[in-house]
Amino acid sequence: MGDNKKEKKDWKKIASDLKSDVEKGLSEKESKVRLEKYGFNEIPEKEESIFQRIIKRLWGPIPWMIEIAAILSAVAKKWDDFTIIVILLLVNVIIDFAQEAKALSALKVLKNTLAKKALVKRNGKFVEIEAKFLVPGDIIKLKIGDVVPADVVLIGGEFVQIDQAALTGESLPVHKSVGDIAYSNSVIKVGEMEAIVTETAMNTYFGKSASLVIKAGKEQKSHFQKAVLKIGNWLIMLTICLAIILIIVSLFRHDPIMEVLRFILVLVVASIPVAMPAVLSVTMAIGAINLAKKQAIVSRLAAIEEIAGVSVLCSDKTGTLTQNKMSTADPVLFHDFTEQDLYLYAALASKKENKDPIEIPIFEKIDKLKLKDKITEFTQEKFTPFDPVIKRTVADIQNHSEKFTVTKGAPQIIASLCEDEKLEKEIHQKVYEFAKKGYRTIGVAKKNEKEKSFDFIGLIPLFDPPRTDSKSTIAKAKKLGLQVKMITGDNQAIAKEIASLLNIGENILDTQELRHEGANKELSILAEVIGGALYKKLAPKSTEQEIKHFQDDLVEEVVKELKEANLPHGHIRKHESQIIETIENADGFSQVFPEDKYFIIDELQKADYIVAMTGDGVNDAPALKKADAGIAVSGATDAARAAADVVLIAPGLSVIINAITEARLVFERMKSYATFRISETIRVILFMSLSIIVFNFYPLTAIMIILLALLNDIPIMMIAYDNAETSKKPVRWNMREVMLVAAAVGFAGLIESFILFYYLEEHHFPEHIIQTLMFLKLSVDGHSTLYLTRTWDKHFWKKPYPSPKLFIPTFSTQILATFFAAYGLLMPAIGWKYAGFIWAYAVVCFTVNNFVKMGAFKLLRRKTKKL
């Protein structure tokens, strides 16, 4: 396959050329010298200069419109307008620039937190370091789940299988052994080997190809982000259509075209949701920062909204629901072996430096039994690490002149190697008894060099108790409307015991029920019926017992073939609804393989669930990527963290509950903003446009429009810090609901503006005073609308109350607008009497709009019930 056809490297010569001691590795002193020479083992990222980042913000459709408005104001010598427009432009640039700086800073923190690790031999011992400190000549260990940290040549061990599809395009993992090259950023799928680092950073295969790799500049957008951006596009199109109508009307009226264009351009700038992308980014970023404080790092901001909508949480058992700290219980011994023999051979079939959670209690027991010196008498000539397929480790051992093989792993697998049916049944019974108590067992066996079958030494029972917070956390998850499904590779008995202790539920299914034999039971029944009829036809004098024996054999053969068969897609689809129903009703699954996790998630998504998946291993990566919200738990492999949307840096499930709560808060804030923005645009743009078209009256000057936009957009950023109510169930974007509520509030505001305009016209207020009064009314009404939308389907006086970070800026801008109007700054003065009148009218409108909003919800709920 691919690489294997190339000539193998002479690793001894490479080690000699790099002046590397394979037995001891590099010294700390030498590694520092080489680090100075070669630099860090990382791909340098080209950062834009401050000048480039600023220019980027002055280029684009929205900046162009603002810039054209400024130029037209200068041509018309409207210097006040020109100044305010320039301020608006600079404010948008500064806010966006500051947000990007915050994002870049957060990204650096994220990279430091999620830095790749490497097991490197320094001064004769394997130690774990950050991969960026690797240098050519370093001796490293690669094991299942690792992302290869640099270009290396394999120098020790039997073999590894490496997934390098992202680098070479090969669809299947490649088999590599001593002398082969392993490329940086490929993933170890099977096996364990030692290697020597030959190239780092930009000199690696990946580094040289970096310029050819297209990396997305924008993150993937969630469903919610897409919906919000669609709202923005809809508002822009509405504004542009109205602007075109205004231009046509003005041409027929023979108004000064330059003045009309400048005014309309300013109106368009003020009406379109200029701040929407920034508000979205700020809200998501604040949510991500809050999650980071709660020990959950978001690697894809868009995932925050997906987490808010999660309705099913598929959780690993080990290390997530349980402590992942195995301890041993009293073992079961066979033949004449002793407890010392059992743990000695178990340790010989292990590698201490791998720090495998299953092996740690074995070495702890070795210390207690004082067998540490005894182990040194044995030499581990060859070691095959645990393989999820064969479910065991194997080691070839030499002790003086004696040679033997030891193996440990799943008891059923180890027992099958002993070729003793009676013993195998006894082992199965013991395993079952332990499983009922929640114990996991490891079988240990040994065979001498010339023997064919193994001698079963004994069973080591292990227990991984639930985490102290798991039960309460699952209860909280259920209160939040989540279905929690436990997914584990352990057997059904252990899974049921843990699920029962944690109140997850007792309907734990073996994944056999989801595989081919579960989906095709009728084929087995059909085989039994046809087999019986056929046997009677061929052997008319046969007995019922003979027929039954033939049927059983035939069904067994059919079931066996179905396991191996690649059934047509249409056949499986026929049973999909039954499979989905089975998965929906299950509380968890046992004896799960990686492909089963992917399958379970896929079926739940087909049933319109939003699914979160926790995982930690390289085999979990496909399921983590498939899930709507992939969550890599604490201690996950590099491959799992790379595939996940959220990386937990604290153990347990409680962090996930925090993430869901925070995500729902973010969702509520964005929903409030989207509703506010729609209603405001309807209220302002329609009022302005209809006033000009119908009454040939400009209710605001260009400078008032810009000032209104400025006062609205700046404080609205603080919605990211607002208090919000956490939904008790998963949340989803309901565009119909948002549009109806926003339209109701927006049109109510439009009517109220025209009522005020009619009153002022009827009482013969001067045109310039009407403009100032309308400016103040629209300004005070603006943020008042936010106080309506933030409580959503409740009256505005209900909790949660606005946070000081939102209330102070929004209320302050209303006061500032009042000062502008009362004292005549950039507009004709109206004095405090009329300012007070506008405030009183705005408060009445605010109260009326509250009941309009509640009426819209009542109507919406009534229609929903009818449907």
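**Inside the fold**

Reader: Which residues of helix 12 are buried?

Author: L342, Y343, L344, Y345, A346, A347 and L348 of helix 12 are buried (buried is under 20% relative accessible area, exposed over 50%, partly exposed in between, with a 1.4 Å probe and protein chains only). Helix 12 spans residues 339-348, and with 7 of its 10 residues buried, it is largely enclosed by the rest of the structure.

Reader: Before we go on, what am I looking at?

Author: It's a predicted model, where local features need pLDDT of at least 70 and side-chain atom pairs count only at pLDDT 80 or more, while totals for chains, interfaces and linings use all residues. Numbering runs from 1 along each chain as its sequence is written, and side-chain values use heavy atoms, without hydrogens or water.

Reader: How many helices and strands are there?

Author: The protein chain has 32 helices and 23 strands. Both are DSSP runs numbered from the N terminus: H or I of at least four residues for helices, E of at least two for strands. The chain has 867 residues, and 51% of them count as buried.

Reader: What share of the contacts joins residues at least 24 apart?

Author: Taking contacts between residues at least 6 apart in sequence, 73% join residues at least 24 apart (a contact is heavy atoms within 4.5 Å).

Reader: Which partners does strand 10 pair with?

Author: Strand 10 pairs in the parallel sense with strand 21 (residues 611-615) over 3 bridges, and also in the parallel sense with strand 18 (residues 483-487) over 5 bridges. Pairing here takes at least two DSSP bridges between the strands. C314 stands opposite M613 of strand 21, while in strand 18 its bridge partner is K485.

Reader: Is strand 10 covered on one face or both?

Author: Both: V312, C314 and D316 are buried on one side, L313 and S315 on the other. That is 5 of the 5 residues in 312-316, so strand 10 is largely enclosed by the rest of the structure.

Reader: What does D316 form a salt bridge with?

Author: D316 forms one with K597, with the closest N and O atoms 3.6 Å apart. D316 is in strand 10 and K597 in helix 24 (residues 594-606), so the pair ties together parts 281 residues apart in sequence. Both D316 and K597 are buried. D316 also has a bridge partner in strand 18, namely I487.

Reader: How many salt bridges does the count come to?

Author: The count comes to 24, each being a side-chain nitrogen of Lys or Arg within 4 Å of a carboxyl oxygen of Asp or Glu. Among them is E359 with K408, at 2.8 Å from N to O. E359 sits in the loop between helix 12 and helix 13 (360-368) and K408 in strand 15 (residues 402-409), so that pair ties together parts 49 residues apart in sequence. E359 is buried at 5% relative accessible area, and K408 is buried at 4%.

Reader: And where do K777 and D781 lie?

Author: Both lie in helix 30 (residues 767-789), 4 residues apart, about one turn of the helix.

Reader: Switching to aromatics: how many pairs?

Author: The count is 25 aromatic pairs. F378 and F404 have ring centres 6.1 Å apart and planes at 80°, so they are edge-to-face. The rule takes Phe, Tyr and Trp rings (six-membered ring for Trp) with centres within 6.5 Å; planes under 30 degrees apart are stacked, over 60 edge-to-face, the rest tilted. Both F378 and F404 are buried.

Reader: What about F819 and Y823, stacked or edge-to-face?

Author: Stacked, because the centres of F819 and Y823 are 5.7 Å apart and the planes at 25°. They are 4 residues apart in helix 31 (residues 804-823), about one helical turn. F819 is partly exposed, at 37% relative accessibility.

Reader: Which residues form the aromatic cluster?

Author: F687, F695, F697, F754 and F757 form one cluster.
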